Amino acid sequence: MDKYTKEIEVAMRAKTGIVWAISKEETRIERQMVPVADRLGYNLYTWSATEGISEIGGDVVSRSSTQIDNALQDLLKISGRVILIARDAGPWLSDPLTLRVARDTHARLQSLDKENSKQILVVDPSPAPESMSWVTSIDCPLPDRDEMGSIVDSFLEWAPDSAVEDVKKNGNRDALVGAMLGLTSDDASNALSRSLAATGRFDPVLIAKEKARVVKGSGLEWYDPDERGMNAVGGMDELKTWLSRRQRAFGQAARDYGLPSPKGILLVGVPGCGKSLTAKCVANAWGIPLLRMDVGALFSKYVGESEGKIREALRTAETIAPCVLWVDEIEKAFGSGGDADGGTSSRVFGTFLTWMQERKDGVFIIATSNDISKLPPEFCRAGRWDELWFVDLPNATERKEISWVMSKKFDACVEVDGSILSEKTDGYTGSEIEQGFVDAMYAAFDDDRQVCTEDVVEALKKRVPLSKTMSEKIDELRRWALGRARTASSTQEATSSAGRAIE
């Protein structure tokens, strides 16, 4: 029995009245409540806004109870011991009158005698509203490895012999379980069914792709990591060395050694200098999934729903772990705060901070920021992150390496001289150098020839570097980083943020 199912059973034994299960898996919870109701001697009913009250797996008892306040009152009229599972009741309970009915019902339920005992289990993806602090809330996480293993085994019992033999031959059971983590039990079963229908076998790769579709609805986006790994990042040797030493930290050997899992890093610095690229590449280098937090999708107009969404997203990340959780330009997500949005940003930020402090091992956060001044001080304090890194404009060595990376990326640029470009691109960011290569390719393609060094130089001459247009902001960032953050590069040229333009 799952830990949360035990908690629900204990709450039912204690006659707490209304129990709030935070979950979007109503089918799974209803299935697990059947043996609980049997053990406790209760009859099991369900309520929904479309059908009213029904016996689970049976007939509708009252269609007139499609309004939740009527259902709460009709529940008391049903004879015997009853557990009523209320589906998606959260939005309906936000009405003040319904809330009053719910509180009165809660008190009545606790006073009923043993023979007529009634309990209500609300199953809703969002937490109980703050106005319902008197209910017992239980967080119901997504299925863990053991439950996913049981789902796989149940499919293997009836699947064609060829599919079963394929799993045994390739040792795919563990890979299937890992690919399913982060899905609901229904989505996991559907993914297995689709894989079997499409290929005649259970394919972990196809199931992982299904997870990418489902995960997106949780406020996370499933990213395909850059196949080049850290070779796609030019420069930042100190940061790359630090990350390389933590590559094996999520394996069993590290756990046996007693090594704590890395928490994460905050990358602060000049826009366009590789912060986001690092997040995309490190997941490939470490061989673990990359999830990007879509903060905009987490905010809702309904009170309490935003906090519920971010909790669900973070629970999903923990279930998929080990993984990299990428939060891009984090100051835009959590930097505004205040009362401008009714305090929603502050509450969501508080939820995120609490999770960072208490989260399970295996979720490595990479957060990027172009303007650290917009973030609250408590976000950057010691203990939240393994390291705070400052990413500056690329130095001469790094510009040469970036030019080499671009030559490898674009087949038409094999004749480019990195040493010359390193000298000519002082003050340019990595993304500006890359765009110079792209512009040069357009010119060379129009002339039906390969790209040469002069093409890139000419393209960059027409571009005003960010180091000139934002020189004051970059100098401010450098002053902030001095003594506060570790420099991503082992050597950094002592130049002004403006650098020098291509002559």
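In β7, Ile-22 has Asp-139 as its bridge partner, and Val-19 stands opposite Thr-136 in that strand; strands here are DSSP runs of E with at least two residues, helices are runs of H or I with at least four residues, and both are numbered from the N terminus. These positions belong to the parallel pairing of β1 (residues 18-22) with β7, which extends over four bridges, two strands being taken as paired if DSSP finds at least two bridges between them. The model is a predicted one, in which local features need pLDDT of at least 70 and side-chain atom pairs count only at pLDDT 80 or more, whereas totals for chains, interfaces and linings use all residues. Residues are numbered from 1 along each chain as its sequence is written, and side-chain values use heavy atoms, with hydrogens and water left out.

Strand β1 also runs parallel to β6, to which five bridges join it, and Leu-121 is the bridge partner of Val-19 in β6. Five of the five residues of β1 are buried, that is, under 20% relative accessible area, with exposed meaning over 50% and partly exposed the range in between (1.4 Å probe, protein chains only). Ile-18, Trp-20 and Ile-22 point one way from β1, while Val-19 and Ala-21 point the other way.

The open sheet as a whole comprises seven strands in the order β4-β3-β2-β5-β6-β1-β7, with mixed pairing. Because β4 (60-62) and β7 (136-139) stand at the edges with a single partner strand each, one side of each is left without a neighbour in the sheet.
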